[in-house]
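Hello,

Here is the structure I promised to hand over. Please have a look, then read my notes below.

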Amino acid sequence: MRLILASAACLALLGACSNGEKTARYLIDPPMTGERVPDRLGTAELKDVSLPEYASGGEVSWQTGDGAVRSNTKQLWADDPQRAFTLTLARSISDLSGATVIAEPWPLAEPPRRRLEVRVEKALAQADGSYRLTGRYFVADEGAGGTNQARGFDISVPLADQNPAAIARAQSQAIARLARQIATLSGPGRSIRTSTAPLPRIDDIFSQPLPPLEGS
């Protein structure tokens with residue numbers, strides 16, 4: 001009898017642990033605003049977005065009043081955070097500007113004109129009631145005479161609550177704002193012109209007259 005009761009208790013425990021309804025998963029899904037801006041990127045390959053460790057894990061994170069970053073194993077992102085952030089950002093820039101921005105690896109036969117890299121320094125629901133997204137982005141234009149960009153971003157979105165659903169909505173809005181900033185090549189930083197000086201051709205080098213010998 002005891003063995004039967006113990007077996008029943010184990011089965012009940014296993015059933016509780018495997019109950020998927022107790023685990024919530026949240027999507028990153030920026031809102032569609034209908035806004036359009038001029039295409040300043042053309043074709044661009046977006047490298048995998050670099051995220052802080054606490055933001056790249058599967059659990060939704062937030063900051064508490066003591067400054068600690070906490071999470072819950074039952075409150076998860078629906079997709080790998082780096083993959084979701086990268087794909088969502090690429091799609092948002094494309095939808096906003098009409099540019100062809102695609103997450104790496106580049107799938108088309110024609111190579112991209114530009115390469116885009118985003119390095120996130122903070123992506124956190126802060127204890128002060130705001131979601132903060134900060135970092136830098138870089139646009140490399142490999143064509144002669146092209147303009148490279150090295151710029152920063154510091155985006156703050158008010159949090160309606162500290163629950164994971166509100167955090168997911170705020171992060172989605174922050175990504176939408178970042179997409180607009182990149183699409184318009186705005187933010188603090190600078191533009192760097194790619195050198196336009198052509199490399200000398202090998203036949204031009206050998207066609208130059210030799211310097212006279214000393215004493216001649």
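This is a predicted model: local features need pLDDT of at least 70, side-chain atom pairs count only at pLDDT 80 or more; totals for chains, interfaces and linings use all residues.

T88 sits in helix α3, which covers residues 81–97. A polar atom of the T88 side chain lies 2.6 Å from the backbone oxygen of A84. Leaving out residues up to four places away in sequence, T88 touches I28, P30 and I175.

Next, helix α4. It runs over residues 164–183 and spans 28 Å from first C-alpha to last, close to the 28 Å expected. Of its 20 residues, 14 are buried, so α4 is largely enclosed by the rest of the structure. N163 caps the N-terminal end: a side-chain oxygen of N163 lies 3.1 Å from the backbone nitrogen of A165. After α4 comes L185, with a positive phi near 50°.

Now the charged pairs. The count is ten salt bridges. One of them joins E35 and R180, at 2.7 Å from N to O. This pair links distant parts of the chain, 145 residues apart: E35 is in the loop between β1 and β2, and R180 is in helix α4. E35 is partly exposed, at 30% relative accessibility. R180 is partly exposed too, at 37%.

R132 and D154 also form a salt bridge, at 2.7 Å. R132 lies in strand β7 and D154 in strand β8, so the pair ties together parts 22 residues apart in sequence.

Finally, a network of salt bridges links E45, K47, E104 and R115.

Best wishes

Terms used. Residues are numbered from 1 along each chain as its sequence is written. Side-chain values use heavy atoms; hydrogens and water are left out. Helices (H or I, at least four residues) and strands (E, at least two) are DSSP runs, numbered from the N terminus. The expected span of a helix is 1.5 Å times one less than its number of residues. Buried means under 20% relative accessible area, exposed over 50%, partly exposed in between (1.4 Å probe, protein chains only). A polar contact is a pair of N or O atoms within 3.5 Å; within protein, one must be able to donate a hydrogen and the other to accept it, and residues adjacent in sequence count only if both atoms are side-chain atoms. Contact means heavy atoms within 4.5 Å. A salt bridge is a side-chain nitrogen of Lys or Arg within 4 Å of a carboxyl oxygen of Asp or Glu.
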